[in-house]
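Biologist: Please take one part of this model and go through it closely, strand by strand. I would like to know how the part is put together and how far the prediction can be read there.

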Amino acid sequence: MTYTDKKPTAPGYYWYRSKYLSNGVVISVLPGFDGLSVFFFSDGREYRLKDCDGQFAGPIPKPVEEDDARTIDLSYVGTDGAIVKDVRPIHQLAGKYQCKNCGHVCTVNDMDANAGGADPEAYSNWICPKCGTWHESLESGWTKP
Ligand SMILES: [Zn+2]
């Protein structure tokens with residue numbers, strides 16, 4: 001990766017060095033109101049890409065996931081009032097899921113989570129945002145399309 005006068009043509013993270021500073025900074029190129037914008041973390045401001053006349057290097061590639069050991073705690077209160085322990089590796093929840101009831105495809109982040117339903121003690125993390133079905137678990141209510 002080397003500096004070039006060519007401006008980025010796609011969103012991503014890039015190195016940027018202005019005409020006046022030899023040290024580069026990492027910036028974020030993102031879609032703006034008037035073409036691409038540049039966000040400077042240093043001052044928290046956004047500028048039009050066409051107004052940035054320094055040099056760019058990038059995009060900086062995304063890290064390769066080798067062994068993501070992080071977990072997420074989805075424990076909940078079961079119908080009997082006892083806590084049901086549910087801790088899973090984050091990577092297991094990645095990707096798209098399809099609702100077994102209506103066929104809606106979405107990610108875990110799109111699913112609704114709520115307490116209530118017929119039994120106010122019960123809790124679901126896997127509610128379909130389209131048909132509203134209250135799935136008991138990710139495995140019982142959703143499939144990988
Ligand atoms: Zn559904």
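Modeller: The C-alpha centres of domain 1 and domain 2 lie 40 Å apart. Domain 1 covers 12-57 and domain 2 covers 71-143; such bounds come from an automatic or database domain assignment. This is a predicted model, in which local features need pLDDT of at least 70 and side-chain atom pairs count only at pLDDT 80 or more, while totals for chains, interfaces and linings use all residues. Residues are numbered from 1 along each chain as its sequence is written.

As to confidence, pLDDT is the predictor's own figure for each residue, from 0 to 100. The chain has a mean pLDDT of 86, with 92% of its residues at 70 or more. Where pLDDT is low, the predicted coordinates should not be read in detail.

Strands here are DSSP runs (E, at least two residues; helices are H or I, at least four), numbered from the N terminus. Two strands pair if DSSP finds at least two bridges between them.

Strand S5 (residues 55-57) is joined to S1 by three bridges, and the two run antiparallel. In this pair Arg17 stands opposite Gln55 in S5. On to the next pair: strand S1 (residues 12-17) and strand S2 (residues 25-32) run antiparallel and are joined by five bridges. There, Tyr16 stands opposite Val25 in S2. S2 also pairs with strand S3 (residues 35-40), in the antiparallel sense and over six bridges, and the bridge partner of Ile27 in S3 is Phe40. Four bridges join S3 to S4, again running antiparallel, with Val38 opposite Tyr47 in S4. S3 and S4 form a hairpin with four residues between them, and Gly44 in the turn has a positive phi of about 65°. Most residues other than glycine have a negative phi, and most peptide bonds are trans.

Val25 in strand S2 gives a view across the sheet. Val25 is partly exposed because 14 other C-beta atoms lie within 10 Å; a residue is buried at 20 or more such atoms, exposed at 12 or fewer and partly exposed in between, with C-beta atoms placed from the backbone. Leaving aside neighbours within four places in sequence, Val25 is in contact with Tyr16, Phe40 and Ser42, where contact means C-beta atoms, placed from the backbone, within 7 Å. Val25 and Phe56 are 31 residues apart in sequence, and their C-alpha atoms are 9.8 Å apart in space.

Gly58 and Pro59 are joined by a cis peptide bond, with omega about 0°. Pro59 is found in the loop between S5 and strand S6 (71-73).

Note on methods. Two residues are in contact if their C-beta atoms, placed from the backbone, lie within 7 Å.
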